[in-house]
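These are my notes on what I looked up in this structure.

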Amino acid sequence: MSPVYEKLMKCYESIKSKVDFEPQVALILGSGLGNYGEKIKIVHTLDYHEIEGFPVSTVQGHKGQFIFGYIGDVRVVCMQGRVHYYEGYEMSDVVLPTRLMKLMGAKVLFLTNAAGGVLQGMKPGDLMLIKDQIASFVPSPLIGENIEELGTRFPDMSHIYDEDLQQIVKKVAALNDIQIKEGVYLQFTGPQYESPSEVAMSRLLGAGAVGMSTACEAIAANHMGMKIVGISLISNLASGISPIPLTHSEIQDSAKEAEPKFQKLVTDTIIEIGRIFKEEL
Ligand code: HPA
């Protein structure tokens, strides 16, 4: 058995021995969005430290726990805090939690993040529906021996973000009068923010937002056949567009501001996913 798969199965067994809950939807909360946990009717919480071999985040503002519970009548597992490649973890560790949530039963992955806005006209506090991604600046989480139990060696990535789920987000946004932009998310390794020239390059490549997470998780989830939806909270204008130097606390502040509309959009989208895909989840 590959060491990556062995570690994954160990974590899975550890969770199974502690929590009896089969989620339908997995939700990963980005920087500053951790408060969304309050919206969940909680059945269990599981601190990442309690899971043997689980990678634990060191970033300020990131809590480290799984929340199991309900949004409406949809069973969700929510990650309050993710790990990032820049923390020094192997990519296989960065995506281990995503893979675990699929093993627990989740068929849909809802990805969220705080990101730097690159599109013309974006402002802090905007939301961007992720249409596609550029992951070419980070190592693939699928490098190494393919884990056949999870997926195929050369997975297709032509529709990473599910078209039906995108339509649901847009419908929910319109119903609630929430403005939402659409664009391509580009992942860099970080931890440094981009230089103005890197932001100019990102725009040239077609990116709408840049960040340090998400795309690798989407690759691992797509490899395993999950339906994926993603929303970026534009916490700042990317460097070179922004007139002021970027700080992590600025990013947490704009997350706070956008919190109500973000929470409404996530909640109603998950409820609608539960309604429309009842049979499949
Ligand atoms: N760049 C990269 N990652 C980020 C940014 C940014 O401007 N904002 C929040 N995460």
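**Entry 1: Asn-113**

I began with the side chain of Asn-113, which is joined to the side chain of Ser-232 by a polar contact of 2.8 Å. A polar contact of 2.8 Å also links the side chain of Asn-113 with that of Thr-214. I note here that the model is predicted. I located Asn-113 in strand S5. Is Asn-113 buried or exposed? Its relative accessibility is 1%, so I recorded Asn-113 as buried, the cut-off for that class being under 20%. Setting aside residues up to four places away in sequence, I listed what Asn-113 touches: among them are Gly-30, Leu-33, Arg-82, Ile-130 and Tyr-185. The list also includes Ser-213, Ile-231 and Leu-233, together with Thr-214 and Ser-232.

**Entry 2: the ligand shell**

I next turned to the ligand. Which residues come nearest to the ligand? Of the 12 residues around it, they are Ala-114, Gly-116, Glu-194, Gly-211 and Asn-236. I then looked up polar atoms around the nitrogen atoms of the ligand. For Asn-236, a polar side-chain atom lies 2.6 Å from a ligand nitrogen. For Ala-114, I found a polar backbone atom 3.3 Å from a nitrogen atom of the ligand. For Gly-116, a backbone N or O atom is 3.4 Å from a ligand nitrogen. I also looked up the cover: on its own the ligand has 260 Å² of accessible area, and the protein covers 95% of it. S5, strand S8 (207-211) and S9 are the elements that give two or more residues to the shell. S5 provides the largest share, 3 residues.

**Entry 3: annotated positions**

I consulted the UniProt record, an unreviewed entry, whose "binding site" annotation covers Glu-194 and Asn-236. These positions are spread over 43 residues of sequence but cluster in space, with a largest C-alpha distance of 12.1 Å. Where is the place of Glu-194? I found Glu-194 in the loop between strand S7 (181-187) and helix H5 (196-205). Leaving out neighbours within four places in sequence, I recorded contacts of Glu-194 with Phe-188, Val-199, Val-210 and Ser-239. Asn-236 belongs to strand S9 (residues 227-237). With a relative accessible area of 3%, Asn-236 is buried.

**Entry 4: salt bridges**

The closest N and O atoms of Asp-93 and Lys-7 are 2.8 Å apart, in a salt bridge. Because Asp-93 lies in helix H2 (residues 91-94) and Lys-7 in helix H1 (residues 3-18), the pair ties together parts that are 86 residues apart in sequence. Asp-93 counts as buried, at 12% relative accessibility, whereas Lys-7 counts as partly exposed, at 32%.

I then examined Asp-126 and Lys-181, whose side chains meet in a salt bridge of 2.9 Å, N to O. This pair links distant parts of the chain, 55 residues apart: Asp-126 is in the loop between strand S5 (108-117) and strand S6 (127-134), while Lys-181 is in strand S7. Asp-126 is buried at 7% relative accessibility, and Lys-181 is partly exposed with a relative accessible area of 28%. I also found that Lys-123, Asp-126 and Lys-181 are linked in a network of salt bridges.

My last pair was Asp-268 and Lys-264, with a closest N to O distance of 3.1 Å in their salt bridge. Both residues lie in helix H7 (residues 248-276), 4 residues apart, which is about one turn of the helix. Lys-264 is partly exposed, with a relative accessible area of 37%.

**Entry 5: helix H6**

How many of the residues of helix H6 (residues 215-223) are buried? I found 9 of 9, and I recorded the helix as mostly covered. The buried residues include Cys-216, Glu-217, Ile-219, Asn-222 and His-223. Just after H6, Gly-225 takes a positive phi of about 85°.

Conventions
Residues numbered from 1 in each chain as written. Predicted model: local features only at pLDDT ≥ 70, side-chain atom pairs only at ≥ 80, totals over all residues. Heavy atoms only, no water. UniProt positions renumbered as here; feature names shortened; annotations may be inferred. Contact = heavy atoms within 4.5 Å. Buried < 20%, exposed > 50% of the residue type's maximum accessible area, 1.4 Å probe, protein only. Salt bridge = Lys/Arg side-chain N within 4 Å of Asp/Glu carboxyl O. Near = heavy atom within 4 Å. Polar contact = N/O pair within 3.5 Å; in protein donor to acceptor, adjacent residues only side chain to side chain. Areas by Shrake-Rupley, 256 points an atom, 1.4 Å probe, with all protein chains shown as cover.
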